[in-house]
Amino acid sequence: FMSLQADDISAPRSRFIIVGVDPGETTGLAVIDLRGNVLYVGSRRGIGVFELIDKIYEYGMPLIISTDVPKIPHFVQQLSQKSGAILFRPKKTLSVFTKNEMIKNIGIKVSDSHQRDALVAAIMAYKHYEKKFMKIDTILKYIPLVDPDKVKAEVVFRNIDIRSAIP
């Protein structure tokens, strides 16, 4: 997790992202930014950890890798370890109805249950941090030259309070 110093926020590698993964024979992948915007949703059969990491890095630096089930799958654990991102998992499994409602509410079309579950995982992780992220955005409106996403990354990754994360 050495890239906290990345300066050009427009370059994808320096953008922090939340990644939802639904592993299996067909792996679902969803990528959202730290404002909750969906950047990518897709699924593919037989994709390996390193290939998936390459795909993720096209969109930015993974800050959080998320799953939609309480028991973290080994594949998701591996992704987290190899990318240096923290893991997020829900306290309980959501019903298919609840997942479908979540996806309907954000208005994103998904092609299969893997994409849906990956997107739900990413959204749940975002929702978990949303209030904190919004507070950071509000505070940093008044502090020029400080990148809100870097502060968010510090707060999430180091588990520190907002004031300590502002340079």
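Lys152 and Asp149 form a salt bridge, and their closest N and O atoms are 3.7 Å apart. The model that shows this pair is predicted. Both partners belong to helix α5 (residues 148-158) and sit 3 residues apart, about one turn of the helix. Lys152 and Asp149 are both buried.

**Salt bridges**

- Side chains of opposite charge can pair when their charged atoms come close.
- The count for this model comes to 13 salt bridges.
- Lys152 and Asp149 also belong to a network of salt bridges, which links them with Arg35 and Asp137.
- Helix α5 holds another pair: Arg158 and Glu154 lie 4 residues apart in it, about one turn of the helix.
- Arg158 and Glu154 form a salt bridge, with 2.5 Å between the closest N and O atoms.
- Glu154 has a relative accessible area of 13%. Buried means under 20%, so Glu154 counts as buried.
- Asp117 pairs with Arg116 in a salt bridge, where the closest N and O atoms are 2.9 Å apart.
- Asp117 and Arg116 are both buried.

**Nonpolar cores**

- In soluble globular proteins, nonpolar side chains tend to be buried together.
- The largest nonpolar core here has 43 residues.
- Which members of this core touch the most other members? They are Ile18, Val21, Leu52, Ile64 and Leu79.
- Helix α4 (residues 113-140) contributes the most to this core, with 10 residues.
- Leaving out residues up to four places away in sequence, Leu52 touches Val21, Thr27, Leu29, Ile47, Phe75 and Leu79.

**Aromatic rings**

- A pair of aromatic rings is described by the distance of the centres and the angle of the planes.
- The count comes to 3 aromatic pairs.
- Tyr126 and Phe133 make a tilted pair, because their planes stand at 50°. The centres of these two rings are 6.3 Å apart.
- Is the pair of Tyr129 and Phe133 stacked or tilted? The planes of Tyr129 and Phe133 are at 15°, so this pair is stacked. The ring centres of Tyr129 and Phe133 are 5.8 Å apart.
- Tyr129 and Phe133 are 4 residues apart in helix α4, so about one helical turn separates them.
- Ring pairs join Tyr126, Tyr129 and Phe133 into a cluster.
- How buried are the members of this cluster? Tyr126 is buried, at 9% relative accessible area. Phe133 is buried too, at 1%. Tyr129 is also buried.

**A buried serine**

- Ser83 is part of helix α2 (residues 74-83).
- Is Ser83 buried or exposed? Its relative accessible area is 7%, so Ser83 is buried.
- Ser83 touches Ile53, Tyr57, Pro62 and Ile65, not counting residues up to four places away in sequence.
- The side chain of Ser83 also reaches the backbone nitrogen of Ala85, at 3.4 Å.

**Two loop residues with positive phi**

- Leu145 lies in the loop between α4 and α5.
- Phi of Leu145 is near 70°. This is a positive value in a residue other than glycine.
- Leu145 has 90% relative accessibility, so it counts as exposed.
- Where does Asn159 lie? Asn159 is in the loop between α5 and α6 (162-165).
- Phi of Asn159 is near 55°, a positive value in a residue other than glycine.
- Asn159 is exposed, because its relative accessible area is 67% and exposed means over 50%.

Technical notes. Residues numbered from 1 in each chain as written. Predicted model: local features only at pLDDT ≥ 70, side-chain atom pairs only at ≥ 80, totals over all residues. Heavy atoms only, no water. Core = buried A, V, L, I, M, F, W, Y, C linked by side-chain atoms within 4.5 Å. Buried < 20%, exposed > 50% of the residue type's maximum accessible area, 1.4 Å probe, protein only. Contact = heavy atoms within 4.5 Å. Polar contact = N/O pair within 3.5 Å; in protein donor to acceptor, adjacent residues only side chain to side chain. Phe/Tyr/Trp six-rings, centres within 6.5 Å; stacked < 30°, edge-to-face > 60°. Salt bridge = Lys/Arg side-chain N within 4 Å of Asp/Glu carboxyl O.
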